[in-house]
Amino acid sequence: MTIVAAVLGLGWLSGLGTHPAAPLAGPHATAQSSAAQPPDAHLMAGTARTTGRPAGPPGRPRSRSADGAPAGPAAHPNDLIARLRSTTWPPGAKAAAAPEPKVDCTKAKCIALTFDDGPGPYTAKLLDMLAARHVKVTFFLIGGNIRGREAVVRRELAEGHVVGDHTWSHPSLSSMPDGAVRSQLARTLGEIRRASGHGTVLMRPPYGATSRRVAAVARRMDMAQILWSVDTNDWLDRNSAIVAHRAVSWAHPGDIILMHDIHPTTVNAVPKILAGLSRRGFTFVTVPELFGNRSLKPGRTYFDGPVPRPKSPRSKAAPRPGSSPAAGAPAGVGAPAGASRSPAARGSAKPGR
């Protein structure tokens with residue numbers, strides 16, 4: 001019996017350590033478990049408890065939109081359109097749930113109307129016209145013109161329009177040093193933020209004068225360069241009928257049309273422009289809507305958006321003037337492959353505001 005008891009005792013002792021130890025209780029348990037985890041493991045654990053889902057890796061938190069629906073994967077840092085939807089949304093609105101484009105511009109005849117150099121004394125009248133017709137456009141703002149018209153900028157955003165940076169004082173950026181280019185854009189960006197609480201990832205170089213150096217500055221500031229494919233020359237011909245005729249007859253699907261809301265003749269032409277383009281079957285969109293789910297890349301230059309694939313051969317539009325390099329853009333500077341149909345714009349470059 002003594003021998004049997006000894007053998008059983010040795011077997012019991014040999015079983016020690018073959019099973020994991022139970023968790024420690026008391027204050028030492030937290031210290032021990034924390035020591036075996038990465039420094040931010042408690043944050044990940046907290047996320048898992050809050051959402052009821054497995055915690056993801058650090059730096060990629062799971063999130064949900066304001067209405068409780070999954071927000072989906074985080075936007076790529078270079079997806080400027082996604083960033084614009086979250087940064088230029090009016091205060092008080094659901095910024096995280098900014099609407100996706102309702103129009104597929106690869107199928108519909110989309111066109112983007114853009115207005116430079118404001119806000120000005122006629123911008124409020126233009127906003128009234130657009131609101132009455134439920135049309136959204138894109139405004140490229142001069143920083144020096146925002147002071148005293150902050151309410152106009154807030155109204156532009158609140159009514160669903162998009163704003164972009166058009167520099168502080170409208171200089172030709174391609175002839176300026178890098179620091180001055182950055183200052184022109186940064187001052188206006190700061191003024192837009194001061195007026196509305198939101199920024200922008202779109203910029204338009206005055207006169208369309210860009211270069212590789214300007215593109216590099218824009219890239220570092222996470223801004224895409226938005227030029228145009230139709231120039232109405234409204235700064236030259238202060239005649240509403242002429243401006244309206246050019247905008248309507250020169251338009252093609254995917255075009256970005258350039259106008260200026262600082263000219264009363266241009267603002268007065270808008271009702272005819274909207275009516276004429278509507279008769280031609282166009283759908284009005286903002287610049288981000290024009291590109292839809294395509295990513296705008298920082299520093300890149302864009303002249304127009306996607307063209308729908310017609311079911312039948314494309315019919316010829318009204319006669320238009322000969323093409324010329326887009327608004328003073330230096331030779332060799334244009335949109336990247338696949339980003340634009342052509343660097344040529346209808347109409348000539350504008351030499352002044």
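**Entry 1: Ser169**

I began with Ser169, which is partly exposed at a relative accessible area of 39%. Ser169 sits in the loop between strand E3 (162-165) and H7. Helices (H or I, at least four residues) and strands (E, at least two) are DSSP runs, numbered from the N terminus. I also checked Ser169 against Leu185, 16 residues apart along the chain. Their C-alpha atoms are separated by 9.6 Å.

**Entry 2: ground rules**

I noted that this is a predicted model, where local features need pLDDT of at least 70, side-chain atom pairs count only at pLDDT 80 or more, and totals for chains, interfaces and linings use all residues. Residues are numbered from 1 along each chain as its sequence is written, and side-chain values use heavy atoms, with hydrogens and water left out.

**Entry 3: the whole chain**

I looked up the overall make-up. The chain has eleven helices and eleven strands. Of its 353 residues, 44% are buried. I then turned to contacts, meaning heavy atoms within 4.5 Å. Among contacts with a separation of 6 or more, 76% join residues 24 or more positions apart. The chain exposes about 17600 Å², and carbon and sulfur atoms supply 58% of that. These areas come from the Shrake-Rupley method with a 1.4 Å probe; for residues, only the protein chains shown count as cover.

**Entry 4: the cores**

Which residues touch the most other members of the largest nonpolar core? I found Leu113, Phe115, Leu130, Phe139, Ile257, Ile273 and Leu277, in a core of 35 residues. A nonpolar core here is a set of buried Ala, Val, Leu, Ile, Met, Phe, Trp, Tyr and Cys residues joined through side-chain atoms within 4.5 Å. Elements that each supply at least two residues of this core include strand E1 (110-118), helix H5 (123-133), strand E7 (256-260) and helix H10 (264-279). H10 gives the largest share, six residues.

I followed Leu113 further. Leaving out residues up to four places away in sequence, Leu113 touches Val137, Thr138, Ile257, Met259, Leu274, Leu277, Phe284 and Val285. There is also a second, separate core of 20 residues, including Cys105, Val201, Ala224 and Ile256.

**Entry 5: helix pairs**

Two packed helices are described by the angle between their axes and the distance between the axes. Axes are lines fitted to C-alpha atoms, for helices over the stretch in contact, and angles run from 0 to 180 degrees between N-to-C directions.

I took H5 and H6 to start. Their axes come within 10 Å and cross at roughly 20 degrees. That makes H5 roughly parallel to H6. Angles under 35 degrees count as roughly parallel, over 145 as roughly antiparallel, 65 to 115 as roughly perpendicular, and the rest as oblique. H5 passes H6 in a left-handed crossing. A crossing is left-handed if the near helix is turned anticlockwise from the far one by less than a right angle, and right-handed if clockwise.

Next came H7 and helix H8 (residues 212-220). They pack at an angle of about 50 degrees, with axes 10 Å apart. H7 and H8 are therefore oblique to each other, and their crossing is right-handed. Asp178, Val181 and Arg182 of H7 meet Arg213, Val214, Val217 and Arg220 of H8.

Which residues of H8 are buried? I listed Val214, Ala215, Ala216, Val217 and Ala218. They pack against H7, strand E4 (202-203) and strand E5 (224-226).

Last, I checked H9 and H10. Their axes come within 8 Å and cross at roughly 40 degrees. H9 passes H10 in a right-handed crossing. Contact residues include Val243 and Ala247 of H9, with Ala269 and Ile273 of H10.

**Entry 6: backbone exceptions**

Most residues other than glycine have a negative phi, and most peptide bonds are trans. I searched for departures.

Gly118 and Pro119 are joined by a cis peptide bond, with omega about 0 degrees. Pro119 lies in the loop between E1 and H5.

Thr167 is not a glycine, yet its phi is positive, about 75 degrees. Thr167 is in the loop between E3 and H7 and is buried, at a relative accessible area of 0%.

Asn233 also has a positive phi, about 55 degrees. I placed Asn233 in the loop between strand E6 (230-231) and H9. Asn233 counts as buried at 6% relative accessibility.

How values were computed:
Buried means under 20% relative accessible area, exposed over 50%, partly exposed in between (1.4 Å probe, protein chains only).
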